[in-house]
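Reader: I'm new to this structure and would like to know what the terms used for it rest on. Can you take me through it?

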Amino acid sequence: MTCYDRRDLGLLLLRLGTGGVLAAHGAQKLFGWFGGHGLEGTGQFMESVGYAPGKASATAAGLAEAGGGTLLALGLATPAAGAAAAGAMAGASAVHTPNGFFAASGGYEHAASLGLAAAGLAVAGPGRLSLDHALGHTVDRNWMVPAALGVTAAVTAVVVGLRNQRLRKREEGEQQALFEE
């Protein structure tokens with residue numbers, strides 16, 4: 001008889017897959033690995049899509065993705081890790097929303113899927129094949145789940161709201177010619 005069940009194995013696979021993808025995306029932003037643009041290039045992109053200041057936004061997104069993803073994969077501080085990653089993916093989803101749902105047309109499908117998986121792991125917990133379990137769940141308490149998700153939701157709402165405000169002001173500043181020449 002094994003001390004691990006199907007649920008533990010399933011959570012391990014979900015953590016490794018979701019966390020690995022998130023960590024790789026964060027490494028693209030932070031270090032330019034895996035074909036990424038690093039902080040400078042990502043910062044310029046972030047600024048162009050309304051997240052300002054761009055380099056600070058790139059750093060925050062990169063840390064949330066790389067750090068949250070790595071911690072999810074390890075099953076360590078799972079509520080905070082899942083919430084941080086979910087928040088970063090909510091910000092990414094906001095950028096892709098105008099393109100519709102499907103990733104093939106530049107939509108938010110991929111970001112939303114990663115965010116929902118990360119949030120689901122924050123709620124479900126890491127399972128017994130995790131560092132949280134090995135450490136007696138000292139950084140994976142039940143009260144931490146709503147706290148982490150609540151704080152992340154509030155911060156994400158403010159950040160995305162400010163981004164949307166910047167974009168509206170930018171669009172208002174662009175005027176079309178009244179007459180063609």
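Author: Let's begin with a crossing: α1 passes α5 in a left-handed crossing. That word applies if the near helix is turned anticlockwise from the far one by less than a right angle, while clockwise makes it right-handed. The model is predicted, so local features need pLDDT of at least 70 and side-chain atom pairs pLDDT 80 or more, while totals for chains, interfaces and linings use all residues. Residues are numbered from 1 along each chain as its sequence is written, and side-chain values use heavy atoms, without hydrogens and water.

Reader: What makes α1 oblique to α5?

Author: Their axes come within 10 Å and cross at roughly 135°. Angles under 35 degrees count as roughly parallel, over 145 as roughly antiparallel, 65 to 115 as roughly perpendicular, and the rest as oblique. The crossing at roughly 135° therefore makes α1 oblique to α5.

Reader: Which residues make the contact?

Author: Contact means heavy atoms within 4.5 Å. On α1 the residues include Leu11, Leu14 and Val21, and on α5 they include Leu114, Ala117 and Leu121. The residues of this contact divide into 9 nonpolar, 3 polar and 2 charged. Nonpolar covers Ala, Val, Leu, Ile, Met, Phe, Trp, Tyr, Cys and Pro, charged covers Asp, Glu, Lys and Arg, and the others, Gly among them, are polar.

Reader: Why is aspartate 8 called buried, and arginine 128 partly exposed?

Author: Buried means under 20% relative accessible area, exposed over 50%, and partly exposed in between (1.4 Å probe, protein chains only). Aspartate 8 has 2%, so it is buried. Arginine 128 has 32%, so it counts as partly exposed.

Reader: What about lysine 29 and glutamate 65: how far apart are their closest N and O atoms?

Author: They are 3.0 Å apart, and the pair forms a salt bridge. Lysine 29 sits in helix α1 and glutamate 65 in helix α3. At 16% relative accessibility lysine 29 counts as buried, and glutamate 65 is buried at 2%.

Note on methods: Salt bridge = Lys/Arg side-chain N within 4 Å of Asp/Glu carboxyl O. Helix = DSSP H or I, 4+ residues; strand = E, 2+ residues; numbered from the N terminus. Axes fitted to C-alpha atoms, helices over the stretch in contact; angles between N-to-C directions.
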